[in-house]
Amino acid sequence: MYKPELINSLKGYSGKQFATDLIAGIIVGIVALPLSIAFAIASGCSPETGLYTAIIAGFCIAALGGTRCQIGGPTGAFTVIIYAIVNNPELGFGGLATATVLAGILLILLGVFKLGGLVKFIPYTIVVGFTAGIAVTIATGQIGDFFGMHPQFPMTVFGTEYTKMPGTFIGKIGVYANSLKTIDIYSLIMAVVCLVIIFLWPKVTKKIPGSLIVIILATIVSLILDKACGLKVDTIGKFSDGSSHYSIPKSLPVPHLPDLRLNTIITVFPTAVSIAVLAAIESLLSAVVADGMIGAKHDSNNELIGQGVANILSPLFGGLPATGAIARTATNINNGGRTPVAGMIHAVVLLLIMIFFGKYVEYVPMPALAAVLMSVSWNMAGIPSIRKLLKGQKSDITVLAVTFLVTVFVDLTYAIGIGLIFSAFFFIKKMIDVSEVQENRQTIVTGIKGDGNEEKLDVPTGVLVYEIEGPLFFATVRKFELAVERAGAEFKVLVIRMRNTIYLDAGGVQALEQCKAACDRKGVQIVISGIHSQPYLLFEKTGMADKIGRENIFDNINEAMSRAKQLVEQK
């Protein structure tokens with residue numbers, strides 16, 4: 001039954017806890033301000049869309065989710081998807097709103113049908129490769145603002161003419177390469193200094209992120225140098241030449257429904273699936289991190305329902321896709337936030353900042369925002385995790401590399417799917433490699449549970465024992481069939497030992513049926529030994545238990561050998 005964590009947290013809620021939640025909510029709200037704006041701009045959208053997302057979705061995720069300390073809002077994972085769809089002339093921001101609403105519905109369905117645990121089945125190598133690819137893509141998109149470049153469009157890059165910044169990795173690199181002459185030294189120095197401060201700031205304190213500090217300092221320095229020396233950089237509100245850039249509204253927009261026509265839904269549905277998968281993965285990863293920090297346990301299905309509602313409401317108010325943000329959640333916890341109330345306060349704080357201080361946000365320099373996103377990209381890249389994986393087996397390295405390359409050079413919509421295909425292929429291959437059918441004509445050596453000793457079991461004449469090592473499924477059936485074919489007909493009882501076969505599928509059952517038919521023709525009786533629960537239940541459902549004979553199915557080798565001796569004597 002759906003029950004938001006907020007309801008559980010309010011039991012025994014005290015004034016003291018509210019005070020700590022209030023402080024944490026205010027701090028994380030201020031911290032979320034530059035990040036929300038930066039992610040919106042990196043996505044090709046206006047800065048207020050990031051604020052709308054953090055306010056509406058952030059409040060819903062905290063109030064309706066299944067995690068105690070989750071802070072929701074726009075994140076870097078969505079920037080590539082959003083940039084691609086809003087720059088599509090046939091879709092634009094309206095198409096993004098439709099895709100986000102559909103993603104919200106998919107997230108709710110995942111939660112309602114209790115499929116939150118399925119996200120855990122996405123291999124770690126895919127998550128690392130995918131995240132690293134997104135990190136590279138985000139960093140690539142910030143090169144222009146970091147160096148203060150002003151590309152002149154239209155521009156021809158590698159034989160393709162662009163009228164605005166392209167969404168592809170190769171296209172962006174080409175545009176930057178053709179715009180090197182427009183580098184602004186003042187912007188570059190500011191960005192480099194901001195980046196250095198961000199990385200060194202944790203040595204001072206970890207409670208307040210360096211990103212907030214550099215935004216404040218860079219804004220003050222930019223205003224001072226502009227007045228004193230006439231040095232200008234691009235800001236959120238204006239370009240360095242004085243022309244308008246963006247403006248921050250003083251209120252939330254009137255909600256409106258997105259385009260829900262069938263043709264639009266069909267067009268954006270693949271994007272909606274990508275948004276839903278990303279939101280589920282990142283939010284549940286953030287929930288796991290939060291659990292480890294405070295010693296709690298989240299409800300993944302309730303969390304997905306909360307995420308779904310948030311992603312339905314966010315685009316109605318002009319917002320972007322949202323999910324749980326690991327860095328902001330950690331900041332919330334480090335400052336004392338222990339209930340969803342802190343996340344709700346963070347959203348209210350952002351709303352108040354937008355209403356009363358929005359005009360000051362327009363003075364924030366773009367090089368400083370670029371430095372913030374560069375640091376986010378570095379943290380997202382997961383360099384330590386990649387180093388560990390590169391020391392491992394080749395199959396993991398291959399999945400990591402393929403997922404990374406597809407994310408960067410092709411489309412992140414396909415990256416997870418292709419990564420899963422490669423992972424499944426290598427998993428099946430590993431199962432084939434470790435699955436063996438061992439023939440024992442004279443003796444069997446088996447471990448005795450409890451004392452770790454070994455015993456030898458004599459195999460009587462006329463009995464052939466085969467031991468299947470590993471699962472018997474469609475990819476390993478042929479090994480079993482070949483082993484049985486090689487056995488010849490010099491036996492009256494075939495004991496199939498399945499103590500190490502914990503999984504059986506329809507292909508395995510079919511192979512056993514074929515083996516049974518061949519043995520029947522030769523007058524050989526099959527005895528099953530050491531069968532586990534899953535194979536036995538499948539035996540029951542498929543009627544295989546009756547075909548072999550329930551009196552010939554045993555859970556240990558001793559009973560199976562006794563039955564085999566009895567059958568030999570009868571024959």
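The model is predicted, so local features need pLDDT of at least 70 and side-chain atom pairs count only at pLDDT 80 or more, while totals for chains, interfaces and linings use all residues. Residues are numbered from 1 along each chain as its sequence is written, and side-chain values use heavy atoms, with hydrogens and water left out.

The protein has 23 helices and 10 strands. Helices (H or I, at least four residues) and strands (E, at least two) are DSSP runs, numbered from the N terminus. Along its principal axes, the C-alpha trace spans about 105 × 65 × 50 Å. The accessible surface comes to about 26300 Å². Carbon and sulfur atoms account for 64% of that surface. Accessible areas come from the Shrake-Rupley method with a 1.4 Å probe; for residues, only the protein chains shown count as cover. Of the 571 residues, 52% are buried. Buried means under 20% relative accessible area, exposed means over 50%, and partly exposed lies in between (1.4 Å probe, protein chains only). Contact means heavy atoms within 4.5 Å. Among contacts between residues at least 6 apart in sequence, 81% join residues at least 24 apart.

The largest nonpolar core has 95 residues. Such a core is a set of buried Ala, Val, Leu, Ile, Met, Phe, Trp, Tyr and Cys residues joined through side-chain atoms within 4.5 Å. Helix 15 (residues 366–381) gives the most to this core, with 11 residues. Ile37, Ile236 and Leu369 have the most contacts inside the core. Ile37 touches Pro47, Leu51, Ile236, Val361 and Leu369, not counting residues up to four places away in sequence.

Helix 6 (residues 124–141) has 18 residues. From first C-alpha to last, helix 6 reaches 26 Å, close to the 26 Å expected at 1.5 Å a residue. The expected span is 1.5 Å times one less than the number of residues. Helix 4 (residues 79–86) has seven of its eight residues buried. These are Thr79, Val80, Ile81, Ile82, Tyr83, Ile85 and Val86.

Tyr83 of helix 4 counts as buried, at 12% relative accessibility. Leaving aside neighbours within four places in sequence, Tyr83 is in contact with Ala42, Ser43, Gly44, Met165, Pro166 and Gly167. The C-alpha atoms of Tyr83 and Ala40 are separated by 9.4 Å, and the two residues are 43 residues apart along the chain. Thr219 is found in helix 10 (residues 210–229). Thr219 also counts as buried, at 12% relative accessibility. Residues up to four places away in sequence aside, Thr219 touches Val214, Tyr363, Val364 and Pro365.

Strand 9 (residues 493–500) and strand 10 pair in the parallel sense over five bridges. Two strands pair if DSSP finds at least two bridges between them. Arg497 stands opposite Ser529 in strand 10. Four of the five residues of strand 10 (residues 525–529) are buried, so this strand is largely enclosed by the rest of the structure. Strand 9, helix 20 (residues 506–521) and strand 10 make a right-handed β-α-β unit. A crossover is right-handed if, with the strands pointing away from the viewer, the path from the first strand over the helix to the second runs clockwise.

Some backbone features stand out against a general rule. Most residues other than glycine have a negative phi, and most peptide bonds are trans. Lys114 has a positive phi of about 55° although it is not a glycine. Lys114 lies in the loop between helix 5 (92–112) and helix 6. Lys114 is exposed, with a relative accessible area of 57%. Phe158 has a positive phi of about 50°, and it is not a glycine either. Phe158 is found in the loop between strand 2 and strand 3 (160–162). The relative accessible area of Phe158 is 65%, so this residue is exposed. The peptide bond from Phe153 to Pro154 is cis, with omega near 5°. Pro154 is found in the loop between helix 7 (143–147) and strand 2 (155–157).
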